[in-house]
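Please look over the sequence and the 3D structure below. Then read the short report that comes after them.

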Amino acid sequence: MSKLKHRLLAESDGALNAITLGELADQGVEVFCWCNRCSHNAVLPTARLLLEMGPAMAVPEVGAGLRCSGCGSKDVATRPAWPSLGQVTRHG
Ligand SMILES: [Zn+2]
């Protein structure tokens, strides 16, 4: 069943057009993770995910290999943490 699901994901336009970890690293953008079960969220360093999953991994598929640190659920969504769309963090 998981194989079928993966195939459907791979054939969807979203997966084909999805940005990869390698592209994200080039742009210095990190990965925003959201737990669909408990709404826990976090930003993970792209460099770390790159080492674990490789540069060709599509960002929306990264969540399939993650587990929520809050509730342990594997229902985790991932997307690029574009600075312009996220919260503004002020330094200093
Ligand atoms: Zn959770």
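The report covers the sheet, its hairpin, the core and a few single residues.

## About the model

This is a predicted model; local features need pLDDT of at least 70, side-chain atom pairs count only at pLDDT 80 or more, and totals for chains, interfaces and linings use all residues. Residues are numbered from 1 along each chain as its sequence is written.

## The sheet

Three strands form an open sheet in the order β2-β1-β3, with antiparallel pairing. β2 and β3 stand at the edges, and each has a single partner strand, so one side of each has no neighbour in the sheet. From one strand to the next, the twist averages 25 degrees. For such angles, axes are lines fitted to C-alpha atoms, for helices over the stretch in contact, and angles run from 0 to 180 degrees between N-to-C directions.

Helices (H or I, at least four residues) and strands (E, at least two) are DSSP runs, numbered from the N terminus. Two strands pair if DSSP finds at least two bridges between them. Strands of a sheet pair through backbone hydrogen bonds, either parallel or antiparallel.

## Partners of β1

β1 covers residues 31-35. Four bridges link β1 to β2 (residues 41-44) in the antiparallel sense. In β2, N41 stands opposite W34. On β3 (residues 76-80), five bridges join the strand to β1, again antiparallel. There, P80 is the bridge partner of V31, and V76 stands opposite C35.

V31, C33 and C35 make up the covered face, while F32 and W34 make up the uncovered one.

## The hairpin loop

The hairpin of β1 and β2 has five residues between the strands. S39 lies in this loop. Phi of S39 is near 65 degrees, a positive value in a residue other than glycine.

Is S39 buried or exposed? S39 is exposed, because 10 other C-beta atoms lie within 10 Å. The cut-offs are these: a residue is buried with 20 or more other C-beta atoms within 10 Å of its own, exposed with 12 or fewer, and partly exposed in between, with C-beta atoms placed from the backbone.

## The core

The largest nonpolar core has 13 residues. A nonpolar core is a set of buried Ala, Val, Leu, Ile, Met, Phe, Trp, Tyr and Cys residues joined through C-beta atoms within 7 Å. L21, V31, V59, V62 and V76 have the most contacts inside this core. Two or more residues come from each of α3 (21-26), β1 and α5 (59-62). β1 gives the largest share, three residues.

What does V59 touch, not counting residues up to four places away in sequence? The list is A18, I19, T20, L21, L24, V31, T78, R79 and P80. Two residues are in contact if their C-beta atoms, placed from the backbone, lie within 7 Å.

## Two more residues

A42 lies in β2. A42 is partly exposed, because 16 other C-beta atoms lie within 10 Å. A42 and V31 are eleven residues apart along the chain, and their C-alpha atoms are separated by 8.4 Å.

R48 has its place in helix α4 (residues 46-53). R48 is exposed, with 12 other C-beta atoms within 10 Å. R48 and E30 are 18 residues apart along the chain, and 9.8 Å separates their C-alpha atoms.
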